[in-house]
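Keep the structure open while reading.

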Amino acid sequence: MAYIQYGRNAIRQIIKETNVHSSDRMMQPLLYVSQGIRHRKLEVILTRNIEKLGKAGETVKVAPGHFRNHLMPKLLAVPNIDKYAYLIREQHKIYPPEKEKEEVKVVAVSEEDKIKEYEKAAKRLDKARLVVRRLINIEKFRSRSTKDEPIEVREPVTKDDIVAEVARQLCVQLAPENLQLSSPLSTVGEYEVPLRFPKSIPLPAGKVHWTLSVKLRTK
């Protein structure tokens with residue numbers, strides 16, 4: 001390093017004695033090359049996983065001092081030459097590098113958190129309106145005596161259908177046991193389906209029980 005410093009000062013002295021402008025001195029190729037020698041990095045092959053540098057077997061560029069003082073004494077890396085690259089490949093065939101284990105943290109959910117989630121879902125269902133579409137029964141539709149008679153659908157809406165539509169439209173997971181539906185919905189119209197939730201969930205003011213508005217429409 002002392003020789004490089006001495007050579008760089010000598011080149012500066014030569015350029016200073018020549019008749020060139022100050023702007024041209026900064027672009028002298030010899031001076032530019034001599035200044036870049038100490039900033040050159042080495043290509044090395046990592047033998048282990050090193051944080052913020054790379055994984056085992058990867059080729060990275062590091063400063064010569066970092067390789068000489070830290071990586072090489074601890075055998076964390078080797079120079080990127082053919083014989084070392086061959087040895088690293090053969091070593092990985094016999095002893096594959098260990099994969100990093102991902103830590104999975106299990107977060108315990110308290111009873112209060114569960115009640116809050118239930119209450120949030122119940123309020124969302126109470127304020128929403130579920131729309132279900134079905135094809136009408138054409139034979140019964142044509143045989144109606146008056147226009148005021150209800151229009152029957154081809155396939156009635158069951159508890160499972162309502163649970164699936166709630167998950168798709170409202171992104172709320174329900175169980176069939178949460179619905180109090182005595183019989184499937186078979187005619188077009190609007191319905192108030194009672195919901196069954198734990199008694200610990202407080203009801204809104206003026207409500208006797210939780211309900212879900214369902215509108216059965218034709219396609």
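**Salt bridges and a charged patch**

Arg-168 has a relative accessibility of 58%, over the 50% cut-off, so Arg-168 counts as exposed. The model is a predicted one. The side chain of Arg-168 forms a salt bridge with that of Glu-165, at 2.8 Å from N to O. Both residues belong to helix α8 (residues 159–169), where they sit 3 residues apart, about one turn of the helix.

In total, 6 salt bridges are counted. Another one joins Lys-123 and Glu-119, with 3.4 Å from N to O. These two residues are 4 residues apart in helix α6, so about one helical turn separates them. Lys-123 is partly exposed, at 40% relative accessibility.

Helix α6 spans residues 111–127 and also contains Asp-113. Together with Glu-111, Glu-112 and Glu-117, Asp-113 makes up a negative surface patch. Asp-113 is partly exposed, with a relative accessibility of 36%.

Now turn to the strands. Glu-190 and Lys-215 meet through their side chains in a salt bridge of 4.0 Å, N to O. This pair connects distant parts of the chain: Glu-190 is in strand β7 (residues 189–194) and Lys-215 in strand β8, 25 residues apart. Glu-190 is exposed at 53% relative accessibility, while Lys-215 is partly exposed at 25%. With Arg-129, the two residues are linked in a network of salt bridges.

Strand β8 covers residues 211–218 and includes Thr-211. Which side chain does Thr-211 join in a polar contact? The partner is Glu-192, at 3.3 Å. Thr-211 has a relative accessible area of 8%, so Thr-211 is buried.

Note on methods: Residues numbered from 1 in each chain as written. Predicted model: local features only at pLDDT ≥ 70, side-chain atom pairs only at ≥ 80, totals over all residues. Heavy atoms only, no water. Patch = residues over 30% accessible without salt bridge, like charges linked within 9 Å, V, L, I, M, F, W, Y side chains within 5 Å. Areas by Shrake-Rupley, 256 points an atom, 1.4 Å probe, with all protein chains shown as cover. Lys, Arg positive; Asp, Glu negative; His and termini not counted. Charge placed at Lys NZ, Arg CZ, Asp CG, Glu CD. Buried < 20%, exposed > 50% of the residue type's maximum accessible area, 1.4 Å probe, protein only. Polar contact = N/O pair within 3.5 Å; in protein donor to acceptor, adjacent residues only side chain to side chain.
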